[in-house]
Amino acid sequence: MRATCILLCFFTFLVASSAHPGKKKQYKPCKELVLYFHDIIYNGQNAANATSAIVAAPEGANLTILASQFHFGNIAVFDDPITLDNNLHSPPVGRAQGMYIYDTKNTFTAWLGFSFALNSTDHQGSINFIGADPIMIKTRDISVVGGTGDFFMHRGIATIATDAFEGEVYFRLRVDIKFYECW
């Protein structure tokens, strides 16, 4: 009798949970934020302005020129200014700090691991990001995996878009952050 009851309860659960197949629950973010970060890669001639540098390269000791085959194998670290708008000369609200690894041989793509360290009157704390960046796609999503301060244990999705680039020296990313778990 008890086994029949358990089986009937399980069957009822399955039917109830599949009552609306194809209808997904729409989640709304608990917090949203749009920021820009500006990356100026060291090219051997811009040490005063550079905010990132190649730290490993298949080209060996030459850490000022990105590899030719979609930059495959290059690893760069960065400490970039973050602004509220797309102007590099706007007052920074924090720093984007981390690394990107060019990890594909047949197209431009990178793997990102970085934090936004925010220190402004509006926001204090860090936001941590990780994920693949298929650079050639207009917008792409990476995971927000946590944070500190005002962003303590926040999680969500960051939609990034290359907002501007100048050759292989400068690029700017627009980062549209949507938090779905806010503490």
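Residues are numbered from 1 along each chain as its sequence is written, and side-chain values use heavy atoms, with hydrogens and water left out. Because the model is predicted, local features need pLDDT of at least 70 and side-chain atom pairs count only at pLDDT 80 or more, whereas totals for chains, interfaces and linings use all residues.

The secondary structure of the protein comes to one helix and nine strands, where helices (H or I, at least four residues) and strands (E, at least two) are DSSP runs numbered from the N terminus. From the N terminus on, the elements follow the order α-β-β-β-β-β-β-β-β-β. Of the 183 residues of the protein, 34% count as buried; here buried means under 20% relative accessible area, exposed means over 50%, and partly exposed lies in between, with a 1.4 Å probe and protein chains only.

Strand S1 (residues 31-40) has seven of its 10 residues buried, so this strand is largely enclosed by the rest of the structure. Two strands are taken to pair if DSSP finds at least two bridges between them. S1 is joined by 10 bridges to strand S9 (residues 170-181), and the two run antiparallel; within this pairing, His38 stands opposite Arg172 in S9. S1 also pairs with strand S3 (residues 75-83) in the antiparallel sense, over two bridges, and here Tyr36 stands opposite Thr83 in S3. S9 in turn pairs with S8 in the antiparallel sense over 11 bridges, with Ala158 of this pairing opposite Ile177 in S9. The hairpin of S8 and S9 has three residues between the strands, and in this hairpin Gly167 takes a positive phi near 55 degrees.

The structure holds one disulfide, a disulfide being a pair of cysteine sulfur atoms within 2.5 Å. It is formed by Cys30 and Cys182, whose sulfur atoms are 2.0 Å apart. The pair links distant parts of the chain, since Cys30 lies in the loop between helix H1 (2-17) and S1 while Cys182 lies in the segment after S9, 152 residues apart. The torsion about the S-S bond of Cys30 and Cys182 is about 85 degrees, so the disulfide is right-handed. Cys30 counts as partly exposed, at 42% relative accessibility, and Cys182 is likewise partly exposed, with a relative accessible area of 31%.

Pockets were located on a 1 Å grid over the protein atoms alone, a pocket being an open set of points where a 1.4 Å probe fits, with protein on both sides within 12 Å along at least five of seven lines, and lining residues having an atom within 4 Å of a point. About 580 Å³ of space lies in the largest pocket, where grid points are joined across faces, edges and corners and a volume is the space filled by probe spheres set on the points. The largest pocket is lined by 26 residues, of which Tyr102, Ile135, Thr162, Phe165 and Phe171 lie nearest its centre. S1, strand S4 (94-102), strand S5 (110-119), strand S8 (155-166) and S9 each supply at least two residues of this lining. By class, the lining has 18 nonpolar, three polar and five charged residues; Ala, Val, Leu, Ile, Met, Phe, Trp, Tyr, Cys and Pro count as nonpolar, Asp, Glu, Lys and Arg as charged, and the others, Gly among them, as polar.

Several loop residues complete the description. Thr109, in the loop between S4 and S5, is buried, with a relative accessible area of 10%, and a polar atom of the side chain of Thr109 lies 3.1 Å from the backbone oxygen of Asp133. Ile41, in the loop between S1 and strand S2 (52-56), counts as buried at 5% relative accessibility. The C-alpha atoms of Ile41 and Leu66 are separated by 9.8 Å, the two residues being 25 residues apart along the chain. Met153 lies in the loop between strand S7 (139-147) and S8 and counts as partly exposed, at 33% relative accessibility. Phi of Met153 is near 60 degrees, a positive value in a residue other than glycine. Most residues other than glycine have a negative phi.

Conventions
Polar contact = N/O pair within 3.5 Å; in protein donor to acceptor, adjacent residues only side chain to side chain.
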